[in-house]
Amino acid sequence: MTELEAIRARHAVRNYTTKPLSPAIVAELKEEIEQCNRLGQLHIQLVVENEGAFKSFIPIFGRFKNVRNYIALAAKKQDGFYEACGYYGSRLMIKAQQAGLNSCWVTNSYNEKKCPVSLAPDEELVGVLAIGYGVTNGKQHKSKSMESLCRPCSDKWFINGMNAAVLAPTGLNKQDFFIEANGNTVSIRTKANSSMSKIGTGIVKYHFEIGAGKDNFNWK
């Protein structure tokens, strides 16, 4: 399964079976996490067979079940760290899909205090990616029209990028981003300046890159 195929196949899943992750998948995810940490200067950590952060937690939006495995997205508090967590978190989410797992991005529907990760005083736990074998494969979220999310562009690479971008998970599925191209230079902006919007920017950027092809454009 290619990354683009994984993007198309992945949907948010909140209910999981108790089937454990195989040692091979755990090793594969850890290797990918190491690469993301190095490239993004992050402190992402894999948690397996620990449901403390989700057990007996009643969220405001969306109840989870049997979340025992997740990727904790942590980073030093510095310029761009929210967006970096979104960008590399998206890469890991797609990697999990390629490994046959389901996933869901979680920013506030878990107990952060019971998340067994190590953080330095200047680091923040931005959110987690619930991963595992879903009871179902989920379903496609509703999406705004492409025309409302970008400035019209006839270049095939841009359209391909947008087709991937509209599939990106965003906070409460608001899709508050707008993408436009000036030649081969692409810019993205959001309506809000919250941490969730910055995370969403990173997620959308990674999706767009996979669809458009990184060699076809540059980010402004």
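At 29% relative accessibility, Glu-83 counts as partly exposed. This residue belongs to a predicted model, in which six salt bridges are found.

**View 1. Salt bridge between Glu-83 and Lys-205.** The closest N and O atoms of the two residues are 2.8 Å apart. Glu-83 lies in helix H3 (residues 81-98) and Lys-205 in helix H5 (residues 195-212), so that the pair links distant parts of the chain, 122 residues apart. Whereas Glu-83 is partly exposed, Lys-205 counts as buried, its relative accessibility being 14%.

**View 2. Salt bridge between Arg-151 and Glu-180.** The N to O distance between these side chains is 2.6 Å. Arg-151 is placed in the loop between strand S4 (123-132) and helix H4 (156-165), and Glu-180 in strand S5 (residues 177-182); the pair links distant parts of the chain, 29 residues apart. Arg-151 is partly exposed at 43% relative accessibility, while Glu-180 is buried with a relative accessible area of 18%. Through salt bridges that share partners, Arg-151, Glu-180 and Arg-189 are joined into one network.

**View 3. Salt bridge between Arg-68 and Glu-49.** The closest N and O atoms are 4.0 Å apart. Both residues lie in the loop between strand S1 (45-47) and strand S2 (69-76), so the pair ties together parts that are 19 residues apart in sequence. Arg-68 counts as partly exposed at 24% relative accessibility, and Glu-49 counts as partly exposed at 43%.

Notes:
Residues are numbered from 1 along each chain as its sequence is written. This is a predicted model: local features need pLDDT of at least 70, side-chain atom pairs count only at pLDDT 80 or more; totals for chains, interfaces and linings use all residues. Side-chain values use heavy atoms; hydrogens and water are left out. Helices (H or I, at least four residues) and strands (E, at least two) are DSSP runs, numbered from the N terminus. Buried means under 20% relative accessible area, exposed over 50%, partly exposed in between (1.4 Å probe, protein chains only).
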